[in-house]
Amino acid sequence: MLLNPVLISVIVMVILSLFKLNVLLALIIAALTGGLAAGMPLIETMETLLGGMGGNAETALNYILLGALAAAIEKTGAATIITQKLSKSMKGTGKSLVFLIAFISIFSQNLIPVHIAFIPILIPPLIMVMNKLRIDRRAVASALTFGLKAPYVALPVGYGLIFHNIIRDEMALSGLDLGDAEVWHVMWIPGLAMVTGLLIAILVTYRKPRDYQDSEKTGFKFGFKDHEWAEVTFNRDHAFAVAGALSALIVQLTIGSLVLGAILGLLIMLAGGAIKWYSLDDMIHSGISMMGFIAFVMLVASGYGDVIRATGGIEPLVESVSGSFAGNQFIAATGMITLGLLITMGIGTSFGTIPIIAAIYVPLALELGFSPMATVLLIGSAAALGDAGSPASDSTLGPTAGLNVDGQHDHIWDTCVPTFMHYNIPIMIFGIIGALVL
């Protein structure tokens, strides 16, 4: 089994990713390594990799158009006015403020899909309030990461629609068609795990007050620039931006197409004058800038999955692994979810992990007698693991960018470690138990 090309490829990919090699290069090198280990000619391996990239073309387009929609909403200032109004209305105890931040963050993934772009708008003005309430920023980091991650894990809207569709499509490519079954029917389980982690973080782990020094420093880390916080009043452009965002959401819920939803949202904002015809190029460029890298990771990950399948190493690996598990589903589920944690921690994206693990997990799960929905849960949980806690993930970089405006919030110890503990551990527990019950 140690000479299995699939195993060799995955090990190479994880090691390269953990050593911080760019994830695109890590995936390409790992694919070529797997092909060569299987005795495939280098040219054939590369052709398989490139040919397989089309499998995630729709996903890549989803990312680009969703990024363009987010850029358009941000350009109109609609997100700014909403967060300013909310920040002014935030009152009460420290814990209620943290819960409210988590609640607001949820909508950045679906209702107004701006992803992490809301953080530098919402969080810096609240830093002084947090200091006065002596809120532990590790609790706020946990709340923000919850809002960035839990919605796409559990809800088939916005980024969640992309995540769930990738799970469905990659499982079909690996020989398990779900038919009419919906991925979200079981993905609420890791979503519930994250709710549990959030409650523990806010009410138990970081419940005690923590003191910070007040500072006028507003320099943003991770590329965010200084800017003045000017009061914005609601206008016609904001109304059409909100209408466009809501229309995109309705199309996603009714038709299930994120591409059509994003295009409709842009057209509504264009017709209403919220964005101008001549600025459409800028919107698309912004979408590519915001989401382009993740889109390319998805394309290469799809090609990697094809190479893995073409090596012929999956079947021997499945037979060897299933034999070592001796039919023990508990040990198998634990091992599969742990592997997903290692891969996602390495490459920093749950979405890019799915094509890699689905090629291995589907035949293995079928061999071990897991039901189709248990297999969905295993793949979804394994992919979701690591996005929280990975130093290279948007789910951790975003919160740090907002909370470290005054240099008093450490990326690793105040964001990555807390989110790793409170989300990855519960997801592992809930995912393993759920897979055994389903």
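Predicted model: local features only at pLDDT ≥ 70, side-chain atom pairs only at ≥ 80, totals over all residues.
Residues are numbered from 1 along each chain as its sequence is written, and side-chain values use heavy atoms, with hydrogens and water left out.

Colleague: How do you know what the chain forms over residues 183-206?

Modeller: Helices are DSSP runs of H or I with at least four residues, strands are runs of E with at least two, and both are numbered from the N terminus. Residues 183-206 are 92% helix and 0% strand, with 33 Å between the end C-alpha atoms. For residues 143-162 the values are 80% helix, 0% strand and 22 Å. The chain as a whole has 20 helices and zero strands.

Colleague: Why does S9 count as buried?

Modeller: Buried means under 20% relative accessible area, exposed means over 50%, and partly exposed lies in between (1.4 Å probe, protein chains only). S9 has 0% relative accessibility, so S9 counts as buried. Buried residues make up 57% of the 438 in the chain.

Colleague: What does S9 touch?

Modeller: A contact is heavy atoms within 4.5 Å. Leaving aside residues up to four places away in sequence, S9, which lies in helix 1 (residues 5-18), touches A30, A31, G34, Y304 and I308.

Colleague: Why is V437 called exposed?

Modeller: V437, in helix 20, has 67% relative accessibility and therefore counts as exposed.

Colleague: What makes the nonpolar surface patch?

Modeller: Patch residues have over 30% relative accessible area and no salt bridge; nonpolar side chains (Val, Leu, Ile, Met, Phe, Trp, Tyr) are joined within 5 Å, like charges within 9 Å. A salt bridge is a side-chain nitrogen of Lys or Arg within 4 Å of a carboxyl oxygen of Asp or Glu. Here F330, I331, M421, I425, I429, I433, L436 and V437 make a patch of about 740 Å²; accessible areas come from the Shrake-Rupley method with a 1.4 Å probe, and for residues only the protein chains shown count as cover. Helix 16 (329-347) and helix 20 (411-437) each supply at least two of its residues. Helix 20 gives the largest share, six residues.
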